[in-house]
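Please look through the structure below before reading the points.

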Amino acid sequence: MMNMKPLIVPAGIMNTLCLVVLYCSIIITDNSVSGSRKCEFPAIFNFGDSNSDTGGLSAAFGQPGYPYGESFFHHPVGRYCDGRLLVDFIAEKLGLPYLNAYLDAVGSNFSHGANFATAGSTIRPQNTTLHQTGGFSPFSLDVQFTQFNDFQRRTQFFRNKGGIYKTLLPKAEYFSRALYTFDIGQNDLASGYFHNMSINQVKAYVPDVLDQFKNTIKNIYAHGGRSFWIHNTGPVGCLPYIIELHKVTSDKVDKAGCAIPYNEVAKFFNHELKQAVVQLRKKLPSAAITYVDVYSAKYSLISQAYRHGFKEPLRACCGHGGKYNYNLHIGCGAKVKIDGKEILIGKPCKDPSVVVNWGWCSFDPGC
């Protein structure tokens, strides 16, 4: 998970966030309407993986402990990082509260949307258990859509009962006026590498992955969704776990220290995703679909780290050992027993605000 502290993130990241508000002034979700109009999103419905999980996987499989959440919330809050995620900043820019995870039944308020993302999620179902896949979530995008479908239907049933339900659940009209955000696909590439697939084999299944992604967008459109905000995938070849586990020869490492072949696959995925968005705009004429180039912003953080106020761009802040502070079997927050006492060995770095990557977590290789 890339560490994004608001005071030192580069202009690229902040521009991405601000565009949500700027784009709002020109969105037209009905072709019969001409000109611009004021646009406000009363809710956000998010789909994705660890890059936007605000507590889904932890609600299902157990809360990550210290040091997660230490930099902003000052205690673990279900996010597999030390602070806030992009989706948190998007919510702030739109004047909305942070999204509660759909799977989190304790203390959640869904009046302004819900988050269906879970760490380790893929677009394509993995068809194996969490532990068999080495950390890929069973809550793939098709499952997240099923959850959204049930959420939309059941919330209105209960909201009509009145009382506290009216304050905790979204109004029916929010589903057509909401912003639908997506940050998923990174783990579809990573899962292939973890199953010892070649670069070409991973590239070969990208079209099928994106076909399934397009189907989800179409299904949400059929359920009234009109405003879509889609992030492309980041520079996978710059992630500590990829560089350490899937080594390449020196001639295939760029000036930033990233593995070129894995970044090329990410770029291929993003090119195809952009084409998928073009196709969706034609098929869904009343939709406003924004494609967001997160890859460039994240690569800038890494390749120009010192310029942006960061240090050690490829080394994880939280982890254990090795050149990249990464160990497959010892993740962030990991403990061992010595003489009957638990000792934290998956420790955080002294100053997370100057490190680009937070670290590897116990469930999700996408962290």
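Is D88 buried or exposed? D88 is buried, at a relative accessible area of 1%; buried means under 20% relative accessible area, exposed over 50%, and partly exposed in between, with a 1.4 Å probe and protein chains only.

1. This is a predicted model, in which local features need pLDDT of at least 70 and side-chain atom pairs count only at pLDDT 80 or more, while totals for chains, interfaces and linings use all residues. Residues are numbered from 1 along each chain as its sequence is written, and side-chain values use heavy atoms, with hydrogens and water left out.

2. A salt bridge here is a side-chain nitrogen of Lys or Arg within 4 Å of a carboxyl oxygen of Asp or Glu. The count by this rule is 9 salt bridges. Side chains of opposite charge can pair when their charged atoms come close.

3. D88 is paired with R79 in a salt bridge, and their closest N and O atoms are 2.9 Å apart. R79 is also buried, with a relative accessible area of 5%.

4. Helix α8 (residues 199-222) holds both K214 and D211, 3 residues apart, about one turn of the helix. Helices are DSSP runs of H or I with at least four residues, numbered from the N terminus. The two residues form a salt bridge, with 3.5 Å between the closest N and O atoms. K214 is buried at 14% relative accessibility, whereas D211 is partly exposed at 38%.

5. In helix α10 (residues 260-283), E264 and K267 lie 3 residues apart, about one turn of the helix. Their salt bridge has its closest N and O atoms 3.7 Å apart. E264 is partly exposed, at 40% relative accessible area, and K267 is partly exposed at 42%.

Terms used: Helix = DSSP H or I, 4+ residues; strand = E, 2+ residues; numbered from the N terminus.
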